[in-house]
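Here are my notes on the model you sent over. Have the structure open while you go through the points.

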Amino acid sequence: MKLFLCKPLIQHLELNIQSRLWRDKLVSERTFHSDTKENPMKEPKDFIIFPLDLPDYDQAMHYVNLLKEHVGLFKVGLELFISQGPRILKSIREAGGAGIFLDLKLHDIPATVKRAFMAASLHSPEFVTVHCDEGGDILRSVAENNPGKTRILAITVLTSLNQENLSLLGYREEYTNDLSRLVLLKAKTAKEAGCHGIVCSGHEVAIVKKELGSELIAVTPGIRPEWSLVGQDDQKRIVTPKIAVERGADYIVIGRPIRDADNPADAAKRVADEIASAL
Ligand code: C5P
């Protein structure tokens with residue numbers, strides 16, 4: 001695309017962002033359940049992020065309507081966002097209740113990630129995720145150009161990566177032998193770049209909070225209540241909701257134990273009760 005097309009496009013994007021800032025502010029004030037420090041009214045259910053790992057609009061909205069009063073945020077990942085586009089965000093917002101965690105795991109050159117984040121923030125999600133694999137420049141370019149109230153969460157180390165994968169990727173032994181050091185290094189980079197928080201497993205959340213302070217929001221996936229433990233599970237580094245929150249998680253991502261329960265709303269309530277026991 002020629003350069004002369006880019007400037008009007010940027011201006012259009014920036015104008016759009018400005019005109020929506022007030023709405024962003026209203027939406028945030030109305031629905032956002034912040035971390036405990038900023039929001040003493042945070043309830044146990046507000047810790048729960050439910051991933052809408054579902055193939056189509058109708059199924060996703062079925063769970064939104066079922067769970068909107070029982071969870072804090074709905075996580076929209078790549079599959080749902082790519083297949084349904086921004087309309088799914090609009091529908092979740094209109095349903096009321098829970099907020100939106102837009103899990104795009106952005107990863108590209110700083111200019112592109114910055115612009116992608118700005119475009120995502122037009123839809124006023126409470127959180128958008130960005131990878132921190134390329135270091136602080138990408139994260140800084142997003143943080144310094146964040147046009148609204150959407151919070152930036154940095155992905156530290158995917159729980160699908162193990163020691164062997166990381167060695168093959170060229171990581172030094174001091175990190176492959178002790179994953180928490182690698183998570184901590186990435187979390188520190190994210191904090192220094194101005195991110196609001198990070199995503200890490202329940203095995204690293206305590207050290208991250210201890211070393212980097214409680215203000216850095218920690219989102220923890222890989223959650224399995226004891227009542228949901230099953231033999232074959234692809235989540236390897238799991239902890240219970242209670243342990244995750246006791247270790248300092250501000251939010252937990254918990255999908256299948258709720259989604260596949262006979263009564264998903266009851267399952268979410270059980271998770272919230274367990275969280276309450278940890279507070
Ligand atoms: O609880 P369950 O295993 O069903 O949760 C799956 C969800 O957790 C998926 O949406 C996946 O993207 C997310 N997840 C994550 N970070 C990880 C592992 C899983 O956000 N490290």
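1. Start with helix α2 (residues 57-67) and helix α13 (residues 264-276): in this predicted model, their axes come within 9 Å and cross at roughly 55 degrees. As for the hand, α2 passes α13 in a right-handed crossing.

2. Which residues make that contact? From α2 you get Tyr63, Leu66 and Leu67, and from α13 come Pro264, Ala265 and Ala268. Sorted by class, the contact of α2 with α13 has six nonpolar residues, with no polar and no charged ones.

3. Next, have a look at helix α9 (residues 179-193) and helix α10 (residues 205-212). Their axes come within 10 Å and cross at roughly 45 degrees. This pair, α9 and α10, is therefore oblique as well, and the crossing of α9 and α10 is right-handed.

4. What does the contact between α9 and α10 consist of? On the α9 side it is Ser180, Val183, Leu184, Ala187, Lys188 and Lys191; on the α10 side, Ile207, Val208, Glu211 and Leu212. By class, the contact of α9 with α10 has six nonpolar, one polar and three charged residues.

5. Now the strands. Eight of them close into a barrel, and the order is β1-β2-β3-β4-β5-β6-β7-β8, with parallel pairing. From one strand to the next, the twist averages 25 degrees.

6. Where in β4 is the bridge partner of Phe101? Go to Phe127.

7. Last, the ligand. There are 15 residues around the ligand, and those that come nearest are Pro51, Thr159, Pro221, Gly255 and Arg256. How does the shell around the ligand divide by class? Seven of its residues are nonpolar, five are polar and three are charged.

Definitions and conventions: Residues are numbered from 1 along each chain as its sequence is written. This is a predicted model: local features need pLDDT of at least 70, side-chain atom pairs count only at pLDDT 80 or more; totals for chains, interfaces and linings use all residues. A residue is near a molecule or strand if its C-beta atom, placed from the backbone, lies within 6 Å of it. Ala, Val, Leu, Ile, Met, Phe, Trp, Tyr, Cys and Pro count as nonpolar, Asp, Glu, Lys and Arg as charged, and the others, Gly among them, as polar. Two strands pair if DSSP finds at least two bridges between them. Helices (H or I, at least four residues) and strands (E, at least two) are DSSP runs, numbered from the N terminus. Axes are lines fitted to C-alpha atoms, for helices over the stretch in contact, and angles run from 0 to 180 degrees between N-to-C directions. A crossing is left-handed if the near helix is turned anticlockwise from the far one by less than a right angle, and right-handed if clockwise. Two residues are in contact if their C-beta atoms, placed from the backbone, lie within 7 Å. Angles under 35 degrees count as roughly parallel, over 145 as roughly antiparallel, 65 to 115 as roughly perpendicular and the rest as oblique.
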